[in-house]
Amino acid sequence: MDSEEQDRYRAPALDKGLDILELLASVDGGLTQAEIAKRLDRSPNEFYRMLDRLVRRGYVTRIDGDRFSLTLKLFGLAQLHAPVRRLASYATPLMRELAEKTRQANQLVVFDRGAAVVIAQQEAPGYWGISIRVGSHISLFDTGSGHVLLAFRREDERLMMVAEDSGSGEPPVISPDFTSRLDQIRDRGYEMMASAQTAGVFNLSAPILGPDGRAIAALTVPYITLVNTPAAPDISGTIQLLLDTAGRLSSLAGSEFPKAP
């Protein structure tokens, strides 16, 4: 396509919005309207309405009053794209193998547009097991999957995830105790917690890491103690099998980051 045809099909407003998104994606800490205009060599007034629309549509948020930063909405949209569908496809046989070895159900969870969402699940091979329907939205705060998705993200990303999860539009507050717990999960490499929804169940959750070391998904076993099932490993053995499977999935996702021992 020659320059004349390119000019004919230009969409200046769209180009301006994409320029803003690409610029904000390249910096940490956000930029003011004046800084955006200076970096794009344009007048600040040109960006007022565009920034307002991007904020209202949830792609950009205000921080510290006058600075603009990307939200995780684009990340959430990316979760619907082929890489995540491929991840679910790759995960299916490994999740089935994990269920057979542990005699427990398991599920794969991603963060999608303000919620932790189950995108794949594998039933336990025996009579007993806890499973969650595909498509279910679960909490970031009181589930193992939610904790892992938060733990293996940067602090600024955690805040954006929490803000989108609440839907309030207000700056989120994460308590020091909860931050400390997330840091412990990151150091340990997995979460183990009593279920806040079902008595007698322990959520065992491990991250699926992308090439940058951030969690793109969480693999979770809702562990129940099985009686008279000699082939079933104990909770320690189940954690190790979970970590092995999560590590294999992380490798398929391109991660070279080590898992917890």
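How many bridges pair β4 and β9, and in which sense do they pair? The two strands pair over three bridges, in the antiparallel sense. The model is predicted; local features need pLDDT of at least 70, side-chain atom pairs count only at pLDDT 80 or more, and totals for chains, interfaces and linings use all residues. Residues are numbered from 1 along each chain as its sequence is written, and side-chain values use heavy atoms, with hydrogens and water left out.

**View 1. The six-stranded sheet.** This open sheet has the order β6-β5-β4-β9-β8-β7, with antiparallel pairing. Strands (E, at least two residues) and helices (H or I, at least four) are DSSP runs, numbered from the N terminus. Two strands pair if DSSP finds at least two bridges between them. β6 (137–138) and β7 (191–194) stand at the edges with a single partner strand each, so one side of each has no neighbour in the sheet. β4 (residues 106–111) and β5 (residues 116–122) pair over six antiparallel bridges. Here Asn-106 stands opposite Gln-122 in β5. Helix α7 (residues 144–151) lies across β4, β5, β6, β7, β8 and β9, and runs at about 155° to β9. Axes are lines fitted to C-alpha atoms, for helices over the stretch in contact; angles run from 0 to 180 degrees between N-to-C directions.

View 2. Buried means under 20% relative accessible area, exposed over 50%, and partly exposed in between (1.4 Å probe, protein chains only). Towards β8, eight bridges join the antiparallel strands, and Leu-204 stands opposite Val-221 in β9. β8 and β9 form a hairpin with five residues between them. Gly-213 in the turn has a positive phi of about 85°.

**View 3. Asn-203 in strand β8.** Asn-203 has its place in β8. Its relative accessibility is 9%, so Asn-203 counts as buried. Leaving aside neighbours within four places in sequence, its contacts (heavy atoms within 4.5 Å) include Thr-143, Glu-191, Met-193 and Val-221.

**View 4. The three-stranded sheet.** A second open sheet has the order β1-β3-β2, again with antiparallel pairing. β1 (31–32) and β2 (60–63) are at the edges, each with a single partner strand, so one side of each lacks a neighbour in the sheet. Four antiparallel bridges pair β2 with β3 (residues 67–70). Arg-62 stands opposite Phe-68 in β3. Helix α2 (residues 12–25) packs on this sheet and touches β1, β2 and β3. The direction of α2 makes about 85° with that of β3.

**View 5. The aromatic pair.** There is one aromatic pair. Rings of Phe, Tyr and Trp (its six-membered ring) pair if their centres lie within 6.5 Å; planes under 30 degrees apart count as stacked, over 60 as edge-to-face and the rest as tilted. The rings of Phe-141 and Phe-178 have centres 5.4 Å apart and planes at 40°, so the pair is tilted. Phe-141 lies in the loop between β6 and α7, and Phe-178 in helix α9 (residues 176–188), so the pair ties together parts 37 residues apart in sequence. Phe-141 is partly exposed at 36% relative accessibility, whereas Phe-178 is buried at 13%.
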